[in-house]
Amino acid sequence: MYHIIINPASRSGKGMKLWKETIEPALIREQIAYAPYLSACDGNAKDLAAAITAGADSLEPIRLIVIGGDGTLNETLNGIAAPEQTVIGYIPTGSSNDFARDMRIPTDPMQALDIILHTGKPRAYDYGLLTFPDGSTHRFIGSCGIGFDAATCEAVSRSTLKVKLNKVGLGKLVYLFVALQQLFHAKADPAELYLDDKAPVPIRHLLFCSGMIHRYEGGGFMFCPDADAADGLLDLCCVDITSKPKILLALPSAFQGKHYRHKGITPYRARTFTLKTQTPRWVHTDGEVLRECSELTVSCCHHGIFIVSP
């Protein structure tokens, strides 16, 4: 039995059409037992995943398929009651699809479904856990960030440009356009970065810091080109630059992971890190904006989730 969470609004409303006209007929043809669940609004995928996995049997894994974008996958991960007993199959129908890009999961729904049903294998991967000072936590499967990248995600969530570009298959470019707009309003303040149990690293002008399990975020920016989703470590990209022209020069090079050649952009690696900023900054996980804060701790949950991959 496959439990299937569908975001009908993904790919600018085409998610439902893909489910009804392509994916569900294929399941019926192959006589696959399934139970569909439609995500009705933001946050609903979390509730659905919680209900599906509430009665997890330690002897039988729960097989869960997610049809949506990175945000739907993030919500689902945060709802799963027993990650170690759940096997996730993913059919990407979002605009950025950064997780699928790194996992080499095709955006063609039939090819992705074939991996889940026939050719792929469940493998153990890491996920991240973000903890705020008040004790609240949030999981992420690809990346988290504080500062400029999160502010860009917050602006994208309000942008009508995303819908327009999705309609012509260029949805991932919205992050680049909005990032360029946000750059002129971005602030860079002092911060302290604590890596595992080491002494703090001072950052004079923090523009943003991304903590990543996978290599990509923001529609194809390869902020952490050496990230390995199964090594038990977080890869970090910290940007300590105030010059807007320098940032404009460095930002496009991140699509190829070449941004570290620019002074002020530094990679780090740790199992856990804590970042303290002078002023509250926007925070995101997998492109989903959570809140503004001035302190967070992020850790890697090694081999904490099983995902069907090619």
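A: A disulfide here is a pair of cysteine sulfur atoms within 2.5 Å. Keep in mind that this is a predicted model, where local features need pLDDT of at least 70 and side-chain atom pairs count only at pLDDT 80 or more, while totals for chains, interfaces and linings use all residues. Residues are numbered from 1 along each chain as its sequence is written, and side-chain values use heavy atoms, with hydrogens and water left out.

Q: OK, how many disulfides does the structure hold?
A: The count is 0.

Q: Switching to charges: how many salt bridges?
A: There are 5, each being a side-chain nitrogen of Lys or Arg within 4 Å of a carboxyl oxygen of Asp or Glu.

Q: What does Glu24 pair with?
A: Lys20, with 3.6 Å between the closest N and O atoms. They sit 4 residues apart in helix α1 (residues 10-29), so about one helical turn separates them. Helices (H or I, at least four residues) and strands (E, at least two) are DSSP runs, numbered from the N terminus. Glu24 is buried at 14%, whereas Lys20 is partly exposed at 45%.

Q: Which residue does Arg215 meet?
A: Asp102, at 2.5 Å from N to O. That pair links distant parts of the chain, 113 residues apart: Arg215 is in the loop between β9 (201-212) and β10 (234-240), and Asp102 is in helix α4 (residues 98-103). Both Arg215 and Asp102 are buried.

Q: And what about Arg291?
A: Arg291 has a salt bridge with Asp134, 3.2 Å from N to O. Arg291 lies in strand β13 (residues 288-309) and Asp134 in the loop between β5 (121-131) and β6 (137-140), so the bridge ties together parts 157 residues apart in sequence. Arg291 is partly exposed at 30%, while Asp134 is exposed at 56%.

Q: Last topic: where is Thr86?
A: In strand β4 (residues 86-92), and Thr86 is buried at 1% relative accessible area.

Q: Which residues is Thr86 in contact with?
A: Beyond neighbours within four places in sequence, Thr86 contacts Thr53, Ile62, Leu64, Ile80, Ile305 and Phe306, where contact means heavy atoms within 4.5 Å.

Key: Buried < 20%, exposed > 50% of the residue type's maximum accessible area, 1.4 Å probe, protein only.
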